[in-house]
Amino acid sequence: MLLHTIYLIAIVAEAMSGAIMGMRRGMDLFGLCLIGTVTALGGGSIRDVLLGHYPLGWIAHPEYLLFTIGASIATALVARFMHHLRTVFLLVDALGLVAFSVIGCDVARAFDLHPGIVVLAGVMTGVFGGLLRDVLCNQIPLVLQREFYATVALFTGALYVGLLRFEIDPALAPLLAIGAGFLFRLLAMRFHWQLPSFNSDRLRGFD
Amino acid sequence: MLLHTIYLIAIVAEAMSGAIMGMRRGMDLFGLCLIGTVTALGGGSIRDVLLGHYPLGWIAHPEYLLFTIGASIATALVARFMHHLRTVFLLVDALGLVAFSVIGCDVARAFDLHPGIVVLAGVMTGVFGGLLRDVLCNQIPLVLQREFYATVALFTGALYVGLLRFEIDPALAPLLAIGAGFLFRLLAMRFHWQLPSFNSDRLRGFD
Amino acid sequence: MLLHTIYLIAIVAEAMSGAIMGMRRGMDLFGLCLIGTVTALGGGSIRDVLLGHYPLGWIAHPEYLLFTIGASIATALVARFMHHLRTVFLLVDALGLVAFSVIGCDVARAFDLHPGIVVLAGVMTGVFGGLLRDVLCNQIPLVLQREFYATVALFTGALYVGLLRFEIDPALAPLLAIGAGFLFRLLAMRFHWQLPSFNSDRLRGFD
């Protein structure tokens, strides 16, 4: 119940992040609604298609599309005030990331898969929406380049799967994982944590 | 029967639009055939994968590939004369768009889904091929930025689903929807209709 | 057995090619692992999703991910020495291409499909991983532009399917196809064979 509410908040936040990036590139109203929806629901859709988990969430629950399309249009309308909301937006986006990770693990758990694949399903749910958004905006996906974004999804998913393995109350485990993942994301943003990155000029000959 | 003929014309037109964009980017013969085929059959393939509708059209009917590959090669051969054909090309492309929309709705109707999802399946069939083409050509998809393209697909699909709901003869409904959608597209091109677009400098901080 | 060993070598080589391109674009450690894995396993995943072949290879065999992630990390560690290994790398990459083609055909053969679709499944397995890699790196896929890469996959797949049709020993046919395809790729690299490419300024009006 609570998880479902968090999920709806999460898809709204992700749709807004897609619409914001679309507006920065001069997309029209249809473009904003599509990129908002793909950002919000694309990660879960890729996960479902790779797992063979049918019907997809938004096909079984078309009302999700009302949330993502509504959030995209609302973003266009309130864009001039959005810069006051940057902090709120980052917090909601962080909540969305960890909620997506836990929900993605839950979907994969129903398939009786290797725990590593279950965690990976959570990571895909958390990060592939933003990856599709960046591909449609014609830029190298941010998640591949910097920030602890994917690492937070990995941590959250692994913690959640670990808690369930130690037979923590299944009503409690998602909340613990979401809380810890959210805190991790806040710390990573606050202290600018990042993974080592690489850029070797010596590899020029391979292009 | 007539719808099938229109479908074949549509995939030829879409394959040509893919091959033309590929030629503009210096692709080789394989690249032209692949991008032509992806443009023509990619929208329907994404729709089928998202719905879990197997086997995909071109896997059940490999002869569709002969049409798309043939059209791609023909485009390369007659490219020097293509600029005389720009108007014909735009008309056939418009016919393809509306035919794809109606056919996409028909596929989804067989799954007993929410009418909104049926219309959306039509829109995806109409526009996702061109979206994949643009991603492969490394540009922001045109359909997200301008033109009434997606709006025409939405109108055609909604009209078709509405006509069937009002129990119009199922042999007549697709022709009415295709005719009205085609006219809508022509008017949109003639009068340069477009949706509002957005580009807010205030959102810079969100990138 | 031998084919399985060649497959593992192939996914290591493809993961390295992905990680190398990711390093050239300054990706972080997560980015390298993801792009390496997508390059190695993406072609087979697209093939499986299009065919409806579940579960996907890496979901049934999560250990494949250890190979691709390990290869990506190893590439980052030994990058400064990679330029000495360019020839080895090209040879292993060529082996991977032809092995992927044969394996892709085998998967499709189990579905009792048209021989042309079987060959195409081989081509998709061989080239779509690199295509996804290039899309994520925000460049027009190399395979659409130059080199005999896709042509080698097509030749290998067609030869393999042809050999099986002439009832060559099924233990021998894959090795013959891999050997001939590998030789073809080496010759294509050595003599810079390429398909005709096209770039017509006359098509400007179609953009």
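At what angle do helix H2 (residues 29–51) of chain C and helix H5 (residues 86–109) of chain C pack? I found an angle of about 20°, with the two axes 11 Å apart.

**Entry 1. Conventions.** I noted that this is a predicted model, in which local features need pLDDT of at least 70, side-chain atom pairs count only at pLDDT 80 or more, and totals for chains, interfaces and linings use all residues. Residues are numbered from 1 along each chain as its sequence is written, chains are lettered from A and ligands numbered from 1 in the order in which they are written, and side-chain values use heavy atoms, with hydrogens and water left out.

Entry 2. Axes here are lines fitted to C-alpha atoms, for helices over the stretch in contact, with angles from 0 to 180 degrees between N-to-C directions. Helices (H or I, at least four residues) and strands (E, at least two) are DSSP runs, numbered from the N terminus. H2(C) and H5(C) are therefore roughly parallel to each other. The scale I used counts angles under 35 degrees as roughly parallel, over 145 as roughly antiparallel, 65 to 115 as roughly perpendicular and the rest as oblique. I recorded the crossing of H2(C) and H5(C) as right-handed; a crossing is right-handed if the near helix is turned clockwise from the far one by less than a right angle, and left-handed if anticlockwise.

I then listed the contact (heavy atoms within 4.5 Å). From H2(C) it takes C:Ala40, C:Arg47, C:Asp48 and C:Leu51, and from H5(C) it takes C:Phe100, C:Ile103, C:Gly104, C:Val107 and C:Ala108. By class, I noted 6 nonpolar, 1 polar and 2 charged residues in the contact of H2(C) with H5(C). Ala, Val, Leu, Ile, Met, Phe, Trp, Tyr, Cys and Pro count as nonpolar, Asp, Glu, Lys and Arg as charged, and the others, Gly among them, as polar.

**Entry 3. H2 in chain B.** I turned to helix H2 (residues 29–51) of chain B and helix H5 (residues 86–109) of chain B, whose axes come within 11 Å and cross at roughly 20°. H2(B) and H5(B) are therefore roughly parallel to each other, and their crossing is right-handed.

Which helix H4 residues does H2(B) meet? I first noted that the axes of H2(B) and helix H4 (residues 63–82) of chain B come within 8 Å and cross at roughly 130°. That makes H2(B) oblique to H4(B), and H2(B) passes H4(B) in a right-handed crossing. On the H4(B) side I found B:Leu65, B:Thr68, B:Ile69, B:Ser72, B:Ile73 and B:Ala76; the H2(B) side includes B:Leu29, B:Cys33, B:Gly36 and B:Leu41. The contact of H2(B) with H4(B) has 9 nonpolar, 4 polar and no charged residues. I saw B:Ala40 listed in the contact with H4(B) and also in the contact with H5(B).

**Entry 4. Backbone details.** I looked up the peptide bond joining B:Tyr54 and B:Pro55 and found it cis, with omega about -5°. B:Pro55 lies in the loop between H2 and helix H3 (57–60) of chain B. In chain C, a cis peptide bond joins C:Tyr54 and C:Pro55, again with omega about -5°. A:Glu167 sits in the loop between helix H7 (149–165) and helix H8 (173–190) of chain A.

**Entry 5. Relation of the chains.** I recalled that two copies of a chain are related by a rotation about an axis and a shift along it. A rotation of 120° with 0.0 Å of shift along its axis superposes chain C on chain A, with an RMSD of 0.0 Å. That is the relation of a three-fold axis. The superposition is by least squares on the C-alpha atoms of residues with pLDDT of at least 70 in both copies. Of the residues of chain C, C:Asn138 comes closest to the rotation axis, at 3.7 Å (C-alpha).

Entry 6. An unreviewed UniProt entry gives "domain: Glycine transporter" for residues 6–79 and 91–163 of chain A. Such positions are in the numbering used here, feature names are shortened, and annotations may be inferred rather than shown by experiment.
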